[in-house]
Amino acid sequence: MFSELKDLVEHTSGLGLQIIRIDGESDGATVFRSMDTNKSVVLAGSFAKKIVDFEGVAGLSNLDHLKGYLNLYNQKDDNVKVVRKTRTIREDKLDDQGNIVYDTDGKPETVSVETNDINEIVFTRSKPRMKNTYRAAGRNMIPDIPNFQGASWDITIQPTSSAINMLAQQASIGYEKEVGLKTDDGSLFAVFDENDQNMVEIATDVEGSINKSWVWPIDLLLTVLKMSNNADCVMQVSDKGIAQITINTGVAEYNYLLPGRAR
């Protein structure tokens, strides 16, 4: 669990995510979702293996605190323990197809559900004795997070570290706060102005095309791309204004959905 939490925090820091919802599903999968307050990035992913400690629902907020504890407890004898709490909550009633059931007044019907979710994650060390407690968010505190159903991607590339570094250097000059993506003669360019006066090639031998003037926050795009490090990274873009960056670390797969804005 420790290594999975560390990997998760390393690949979510700096994105302004509110709360990460983790679901330990009955089929053995352990999935997670989150979104920032501006809805500029939606995260969906899954761990490579089932994590028994995450069965049910867990809400991770105050990610800076969690990151601090994970960095602090790095000795061989350190221990991390999950503490659960049973609660009774009200949830929307669903039919056999998973749709919300409404009463005659058009209001959602609810049912009483008993939960046994993570309440705390306790970090301890025997020498010198240390203890820190991270409190998880209850499922009633987790905001609704869109469940992206996929898109038809017009281009797919595998960004190289040199391309990411070049993009970062170009962005550091400070042309604009947003960047567009455009294909030309089989290459993908990051474009920093409307007239294509400031641009950098970030991929070659690209199949498909991007022609419309969508832009993305450059800082956000670079934050996600730099998380790839030595991990497998794939970037997909739709001409309808959606980009997705997928990073597979071996511990987990992260899908970052980035809605674009018309220039």
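A salt bridge here is a side-chain nitrogen of Lys or Arg within 4 Å of a carboxyl oxygen of Asp or Glu. Keep in mind that this is a predicted model. By that rule, the count comes to eight salt bridges. I will go through three of them and then turn to a sheet.

Start with Asp78 and Arg125. Their side chains meet in a salt bridge, at 2.7 Å from N to O. This pair links distant parts of the chain, 47 residues apart. Asp78 sits in the loop between helix 2 (63-72) and strand 5 (79-92), while Arg125 belongs to strand 6, residues 110-125. Are these two residues buried or exposed? Asp78 is buried, and Arg125 is buried too.

Glu120 forms a salt bridge with Arg135, and their closest N and O atoms are 3.1 Å apart. Glu120 has a relative accessible area of 16%. The cut-off for buried is under 20%, so Glu120 counts as buried.

As for accessibility, Arg261 is at 43% and counts as partly exposed. Glu178, with a relative accessible area of 25%, is partly exposed as well.

Which strands make it up, and in what order? It is an open sheet of five strands, ordered 11-10-9-12-16, and the pairing is antiparallel. Strand 11 (199-203) and strand 16 stand at the edges with a single partner strand each, so one side of each has no neighbour in the sheet.

What joins strand 16 to strand 12? Two bridges do, between strands that run antiparallel; strand 12 covers residues 214-217. Within strand 16, Ala262 stands opposite Trp214.

Two helices remain. Helix 3, residues 161-172, packs on the sheet and touches strand 10 (187-191) and strand 11. The direction of helix 3 makes about 165 degrees with that of strand 11. Helix 4, residues 218-226, lies across strand 9 and strand 12, and runs at about 70 degrees to strand 12.

Notes: Residues numbered from 1 in each chain as written. Predicted model: local features only at pLDDT ≥ 70, side-chain atom pairs only at ≥ 80, totals over all residues. Heavy atoms only, no water. Helix = DSSP H or I, 4+ residues; strand = E, 2+ residues; numbered from the N terminus. Buried < 20%, exposed > 50% of the residue type's maximum accessible area, 1.4 Å probe, protein only. Pairing = 2+ DSSP bridges. Contact = heavy atoms within 4.5 Å. Axes fitted to C-alpha atoms, helices over the stretch in contact; angles between N-to-C directions.
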